[in-house]
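Dear colleague,

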Amino acid sequence: VVQTVDRIQGFLDENHLVSRLQNGIAAFGDVLVRTREENFQRGESVRLRAVQDQEYQASIEQERRAREEAKIAAEAAKIAEEEERQRVELQESIALSEQLSRNAKLATIKAALAEEPIQGADTVHLRFQLPSGAQKIERRFKGTDTVELLYNFLELHFHEAEIQVSEFALSTNYPKRQLDDRSATLLDTGLHPRAVLYVQDLEA
């Protein structure tokens, strides 16, 4: 808005001109102050709106990042949960496969294990000293039976008696030696006619 403060026509000397300008400024001083104040207020309003817009955009960006981070965390948790489920299923599958394989092996051992032979010239009477020290097993075998049959017999016994021994070795005490050759017969190993075998739990 433009407003005329004074109108000067013709030639005025310097002092008269300055006096007229000072009078005009004095007469409209309040208008100038108010105008300056209004301009300042408008500038402040513009600055405030700019700050508010900037803060609003920042809050929108922060919310967007928060939603994105929450989405990523949820997806990561879902992936981890699926991986854990697959790991558990794999372990259960492996355990079941091992159990089925062991059951099949034990069934084969049981089917192949002959009846205990009656006492005879070629029979071998064995006493097994178990790792617990208190338990003993006594059984007769044929002299032509192999050391492998002894291991199979004990493995089946541990399973049926629910004794927690899975890896073990057989040895004699006098003389001290371990029965490593599982293909050797009981006659070949010098166990005839009777012997005491010690069962060593290899996982103890």
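Proline 175 is placed in the loop between S3 and strand S4 (177-178); helices (H or I, at least four residues) and strands (E, at least two) are DSSP runs, numbered from the N terminus. A cis peptide bond, with omega of about -5 degrees, joins tyrosine 174 to this proline 175. Histidine 192 and proline 193 are likewise joined by a cis peptide bond, with omega about 5 degrees, and proline 193 has its place in the loop between S4 and S5. Most peptide bonds are trans, and most residues other than glycine have a negative phi.

Please note that this is a predicted model, in which local features need pLDDT of at least 70 and side-chain atom pairs count only at pLDDT 80 or more, while totals for chains, interfaces and linings use all residues. Residues are numbered from 1 along each chain as its sequence is written, and side-chain values use heavy atoms, with hydrogens and water left out.

Glutamate 162 also deserves mention for its backbone: phi is positive, about 55 degrees, although this residue is not a glycine. Glutamate 162 belongs to the loop between H3 and S3 and is exposed, with a relative accessible area of 67%. Here buried means under 20% relative accessible area, exposed over 50%, and partly exposed in between (1.4 Å probe, protein chains only).

Overall architecture

The protein chain has three helices and five strands, in the sequence pattern α-α-β-β-α-β-β-β. Its radius of gyration is 52 Å, well over the 17 Å that the globule rule gives for 204 residues, so the chain is more spread out than a compact globule. That radius is taken over C-alpha atoms, and the globule rule is 2.2 Å times the number of residues to the power 0.38. Taken along the principal axes, the C-alpha atoms fill a box of roughly 160 × 35 × 30 Å. Of the 204 residues, 22% count as buried. Among contacts between residues at least 6 apart in sequence, 59% join residues at least 24 apart, where contact means heavy atoms within 4.5 Å.

The sheet

The five strands form an open sheet in the order S2-S1-S5-S3-S4, with mixed pairing; two strands pair if DSSP finds at least two bridges between them. Strand S2 (136-142) and S4 are the edge strands, each pairing on one side only.

S1 and S2 run antiparallel and are joined by seven bridges, with phenylalanine 128 standing opposite isoleucine 137 in S2. Strand S1 (residues 123-129) runs parallel to S5, to which five bridges join it.

S1 is mostly covered, with six of its seven residues buried. In strand S5 (residues 194-201), Ala195, Leu197, Val199 and Asp201 make up a covered face, whereas Arg194, Val196, Tyr198 and Gln200 make up an uncovered one. In a regular strand the side chains alternate between the two faces of the sheet.

Phenylalanine 153

Phenylalanine 153 is found in helix H3 and, at 12% relative accessibility, counts as buried. Leaving aside neighbours within four places in sequence, phenylalanine 153 is in contact with Leu113, Phe128, Ile137, Arg139 and Phe141. Phenylalanine 153 and leucine 106 are 47 residues apart in sequence and 9.6 Å apart in space, C-alpha to C-alpha.

The second largest pocket

The second largest pocket holds about 180 Å³ of space. On a 1 Å grid over the protein atoms alone, a pocket is an open set of points where a 1.4 Å probe fits, with protein on both sides within 12 Å along at least five of seven lines; lining residues have an atom within 4 Å of a point. Grid points are joined across faces, edges and corners, and a volume is the space filled by probe spheres set on the points.

The lining consists of Arg102, Lys105, Glu148, Tyr151, Asn152, Glu155, Ser166, Glu167, Phe168 and Arg182. Helix H2 (29-112) and helix H3 (147-160) each supply at least two residues of this lining, and H3 gives the largest share, four residues. By class, the lining has two nonpolar, two polar and six charged residues; Ala, Val, Leu, Ile, Met, Phe, Trp, Tyr, Cys and Pro count as nonpolar, Asp, Glu, Lys and Arg as charged, and the others, Gly among them, as polar.
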